[in-house]
Amino acid sequence: MKLLIKNGRLVDPAAGVDRAMDLLIESGRVKEIARAIRKSPGLSLIDASGMVVAPGFIDMHVHLREPGQENKESIASGARAAVRGGFTSVACMANTEPVNDNRSVTESIIARARQVGLANIFPIAAVTRGQLGENLVEMADLIEGGAVAFSDDGHCVMKADVIRKALEYARMLDVPIIEHPEDHSISAEGQVNEGFISYKYGLRGILKAAEEVIVARDLILQERIRSKLHLTHVSTAGSVALIRNARQAKTPVSADATPHHLLLNEERVQTYDTVYKVKPPLRTEADRLELIRGLQDGTIDCIASDHAPHTRHRHGDVVPGDLRPPGAREADHDQPPGRAVFHQSRPRPGPEGPRPRQDGFAGRPDHPGPQEALQDRGGGLPLQGQQLPVPGLGGAGRSRLHHRQRQFGL
Amino acid sequence: MKERTFRQDHLLGIEHLSVDDIETILETAEAFIEVSSRDVKKVPALKGKTVVNLFFENSTRTRSSFEIAAKRLSADLINFNSSVSSLKKGETLKDTVLTLEAMNPHIIVIRHSASGSPHYLTTFARSSIVNAGDGFHEHPTQALLDALTIQIGPPSLVPVEFEKLGATVSYDMRGGVKNADVVMMLRVQAERGASNYFPSIREYRNRFAISRELFALASKRAILMHPGPINRDVEIETSMADSEQSVILQQVTNGIAVRMAVLYLLKGEVHETLN
């Protein structure tokens with residue numbers, strides 16, 4: 001089986017490539033890259049005129065909701081949404097029902113992913129049993145079962161002693177701990193960024209400090225432990241400053257930010273449209289600009305979507321104030337991102353990746369693209385219909401991309 | 001009466017009203033004050049119209065005020081009590097409102113603890129929506145019957161960011177009250193967790209309650225306002241609540257006129273019906 005992708009703009013930062021190139025693919029591997037490859041009989045052809053051709057993107061933070069909440073999303077629908085956006089690999093969080101805190105759940109996710117086929121799915125297991133923040137999961141067993149990292153995402157590991165032990169234990173196993181930095185005692189029932197806008201519109205606020213005290217705590221612990229710590233969906237200028245300082249002090253840490261925090265600010269909540277209700281909340285314009293600076297200077301390693309669909313009656317219908325549907329303590333936190341965000345993410349490192357098949361993507365970087373894949377189950381898309389700026393993808397952050405590849409074994 | 005210039009479909013908050021809108025409401029309300037003083041307190045301005053009081057929070061005085069306002073305009077009014085409704089059975093807010101809408105009401109008056117809930121209703125409802133208080137956000141008919149406002153309280157309840165709204169924030173009662181023409185106290189809303197924002201009622205009373213001695217600092221003809229229900233000897237000393245300067249009960253009477261004006265301006269036929 002041969003496939004020729006012609007007339008596209010090949011973008012592969014890891015290989016330092018950003019120019020018009022044709023690709024010939026044979027049996028799932030790139031056979032030839034050249035300025036112009038001739039058509040020959042028996043070739044399938046994709047005319048990629050006006051499109052970016054790139055290695056498959058990786059999203060290291062998604063919620064596929066399976067097992068347990070297939071009314072929101074499933075491995076099949078999530079994988080379909082991912083590949084539509086050019087994401088050939090996603091790492092899925094552990095707040096399923098039951099929680100992915102033991103090997104059998106991890107293995108069932110992998111088995112289901114294999115059945116579905118579409119994308120590479122890497123399960124992230126919980127840090128603590130039941131994500132209750134008390135007892136560590138059987139990390140070694142979970143890694144053997146296929147878990148690639150550990151995170152209580154959706155919740156913060158609130159006890160400093162527990163995150164300390166998790167980081168120490170994970171160091172032995174050389175796996176990352178992904179922290180959802182949020183002091184729940186500060187954020188409590190908050191809905192939006194705390195400040196003038198929350199006061200004016202009568203919405204309960206979440207102080208930036210709710211995130212920053214945990215970022216600071218983990219970085220202080222990490223100074224000594226030197227494990228693999230990743231801080232996910234950081235949203236404030238203060239967090240960026242803390243991480244930047246830690247990096248300068250050679251404390252090992254990596255971080256991601258979401259497309260919605262990079263592109264939107266808190267002013268969106270003025271319409272009371274629940275589509276903009278995300279956790280952490282959209283912050284101020286100053287925070288947003290600092291996140292972008294952090295991304296540019298390498299303080300923030302990558303963009304991750306926090307794709308987290310909710311059903312419409314749990315999310316779209318819910319008014320932005322205090323109303324929560326019965327039993328929905330978990331609901332309303334995160335948001336599925338728009339399909340268009342996929343163009344914003346950086347492609348994974350080049351063809352030397354460890355997987356047997358190579359994944360690629362061809363799409364128009366200036367076009368919002370089809371969104372039905374995410375809409376079929378999720379509530380709202382904060383970036384829906386928005387034309388996004390196309391960043392210069394070429395060359396940026398090559399070493400960091402390699403770093404990330406090592407860290408997550410993706 | 002002035003030519004009707006009110007062009008709003010809903011009353012969600014004061015923020016989106018023009019000065020003209022506000023003047024129209026207040027002038028209309030003045031005309032309705034007379035109706036309430038009549039022996040037969042009824043005009044046919046909303047005859048044949050249906051008003052639904054959709055209250056998800058207990059607020060007896062606001063609900064009664066809207067009820068009396070609607071009835072004095074000859075509207076048919078039903079009270080939808082959330083405690084006996086299907087919301088208890090797990091129905092969503094949207095489904096509840098769609099069900100009510102299937103009964104073709106003209107106006108839905110909503111009280112809900114979630115900020116923004118009236119705005120949410122306007123995204124799908126056909127009726128006129130009137131906000132009768134949405135959580136920490138607005139209570140526009142209350143604001144309309146309160147003209148001038150001075151808010152004073154501890155910073156955990158009244159963040160300094162309120163200054164961006166045009167208010168002067170002070171945490172010193174004596175300084176705040178001094179030479180004021182209107183002193184408006186607000187209730188400590190224990191049901192919204194207000195009491196977690198300061199150490200104790202005792203300390204709050206000692207620091208912020210309006211007393212005779214404090215009120216003496218205000219201007220000579222100052223009035224004392226309070227939206228009610230009052231917490232005697234918490235934010236307001238009993239002797240002050242019952243004083244001549246207190247217009248607290250007058251606010252209740254004016255509230256009916258303002259609500260009549262709002263209902264009328266939203267769905268009333270032509271203004272001749274008033275005369």
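## Chain B: overall composition

Helices (H or I, at least four residues) and strands (E, at least two) are DSSP runs, numbered from the N terminus. By this definition, chain B has 10 helices and six strands. This is a predicted model, in which local features need pLDDT of at least 70 and side-chain atom pairs count only at pLDDT 80 or more, while totals for chains, interfaces and linings use all residues. Residues are numbered from 1 along each chain as its sequence is written, chains are lettered from A and ligands numbered from 1 in the order in which they are written, and side-chain values use heavy atoms, with hydrogens and water left out.

Of the 275 residues in chain B, 50% are buried; buried means under 20% relative accessible area, exposed over 50%, and partly exposed in between (1.4 Å probe, protein chains only). The accessible surface of chain B comes to about 13500 Å², as given by the Shrake-Rupley method with a 1.4 Å probe, where for residues only the protein chains shown count as cover. Carbon and sulfur atoms contribute 50% of that surface. Among contacts (heavy atoms within 4.5 Å) in chain B with a separation of 6 or more, 70% join residues 24 or more positions apart.

## Helix α10 of chain B

Helix α10 (residues 248-267) of chain B contains 20 residues and reaches 29 Å from its first C-alpha to its last, close to the 28 Å expected at 1.5 Å a residue. The expected span is 1.5 Å times one less than the number of residues. Because 14 of the 20 residues of α10(B) are buried, this helix is largely enclosed by the rest of the structure.

## Helix α4 of chain A

In chain A, helix α4 (residues 160-173) has 14 residues, which should span 20 Å at 1.5 Å a residue; its end C-alpha atoms are 20 Å apart, in agreement. Its buried residues are V162(A), I163(A), A166(A), L167(A) and A170(A). They cover an arc of only 135 degrees around the axis, which puts them on the same side of α4(A); the arc is that of the directions from the helix axis to the C-beta atoms. An α-helix has 3.6 residues a turn, so residues three or four places apart point the same way.

The buried residues of α4(A) pack against α3 (139-145), β10 (176-179), α7 (209-225) and β13 (228-231) of chain A. After α4(A) comes D174(A), with a positive phi near 60 degrees.

V213(A) belongs to helix α7 of chain A and, at 38% relative accessibility, counts as partly exposed. Together with I186(A) and L207(A), V213(A) makes a nonpolar surface patch of about 200 Å². Patches are made of residues with over 30% relative accessible area and no salt bridge, with like charges joined within 9 Å and nonpolar side chains (Val, Leu, Ile, Met, Phe, Trp, Tyr) within 5 Å. A salt bridge is a side-chain nitrogen of Lys or Arg within 4 Å of a carboxyl oxygen of Asp or Glu.

The loop between α7 and β13 of chain A holds R226(A). This residue, not a glycine, has a positive phi near 55 degrees and is partly exposed at 41% relative accessibility.

## Backbone features in other loops

Two cis peptide bonds lie in loops. The bond from E97(A) to P98(A) is cis, with omega near 0 degrees, and P98(A) sits in the loop between β7 (87-92) and α2 (103-116) of chain A. The bond from G228(B) to P229(B) is cis, with omega near -10 degrees; P229(B) is in the loop between β6 (223-225) and α9 (238-241) of chain B.

N179(B), although not a glycine, has a positive phi of about 65 degrees. Its place is the loop between α6 (173-177) and β5 (182-184) of chain B, and at 56% relative accessibility N179(B) counts as exposed.
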